[in-house]
Amino acid sequence: MNAMNTHYPEPVRVEPINRHTLAVIVDNEPGVLARISGMFSGRGYNIESLTVSETEEARHISRITIVTAGTNAVIEQIKAQLDRLVPVHRVVDLTLQGNAIEREICLVKVKGEGEHRSEALRLAAAFGAKTLDATLNSFVFELTGATEEIDRFVRLMSVIGLVEICRTGISAMGRGAEPL
């Protein structure tokens, strides 16, 4: 039987949603970040992580690292729309390069009293976290690592007595000698 003669609708194709890390090289000028975040919000795209810093002071160039998610078509559309913005020099999809190093920094404040005190210190040591502050009833730890490692650390600390978290967002860079 021909598909055109059937009463059943065509099956809906479901495309997978993938997380991508984009490095966007831009002019360091007022309003650039607002234009980029406005492009995302105006089209209903989400930014999961965003870090920005000037990387070439003499040329007034900044690097914006954006983590977002979408189907392959959506990611391609995001990259094309970013590329069209005037202050953008180039957009590199570090996820497609397949060899990016991603790290973030997290500060974690934990209650540390009684038996929880030694457990907090033991877990911090196991994860390689630095103790930045210690009082008689709390700690502030600093951990640098991959997002998944930081997520595990936060989950474990929440059992002990998590008070507060501050995360920088992802910084990423491709491996090898080649620049962006």
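Contact here means heavy atoms within 4.5 Å. The structure is a predicted model: local features need pLDDT of at least 70, side-chain atom pairs count only at pLDDT 80 or more, and totals for chains, interfaces and linings use all residues. Residues are numbered from 1 along each chain as its sequence is written, and side-chain values use heavy atoms, without hydrogens and water.

The protein chain has five helices and nine strands. Both are DSSP runs numbered from the N terminus (helices H or I, at least four residues; strands E, at least two). From the N terminus on, their order is β-α-β-β-α-β-α-β-α-β-β-α-β-β. The radius of gyration, taken over C-alpha atoms, is 22 Å. The C-alpha trace spans about 70 × 60 × 35 Å along its principal axes.

Buried residues (under 20% relative accessible area, 1.4 Å probe, protein chains only) make up 34% of the 180 residues. Of the contacts between residues at least 6 apart in sequence, 71% join residues at least 24 apart.

Helices α4 (residues 115-127) and α5 (residues 147-160) pack at about 175°, with axes 10 Å apart. Axes are lines fitted to C-alpha atoms over the stretch in contact, and angles run from 0 to 180 degrees between N-to-C directions. The two helices are therefore roughly antiparallel (over 145 degrees). Residues of α4 in this contact include His116, Leu123 and Phe127. Their counterparts in α5 include Arg152, Phe153 and Ile160.

Technical notes. Angles under 35 degrees count as roughly parallel, over 145 as roughly antiparallel, 65 to 115 as roughly perpendicular and the rest as oblique. The radius of gyration is taken over C-alpha atoms; the globule rule is 2.2 Å times the number of residues to the power 0.38. Buried means under 20% relative accessible area, exposed over 50%, partly exposed in between (1.4 Å probe, protein chains only).
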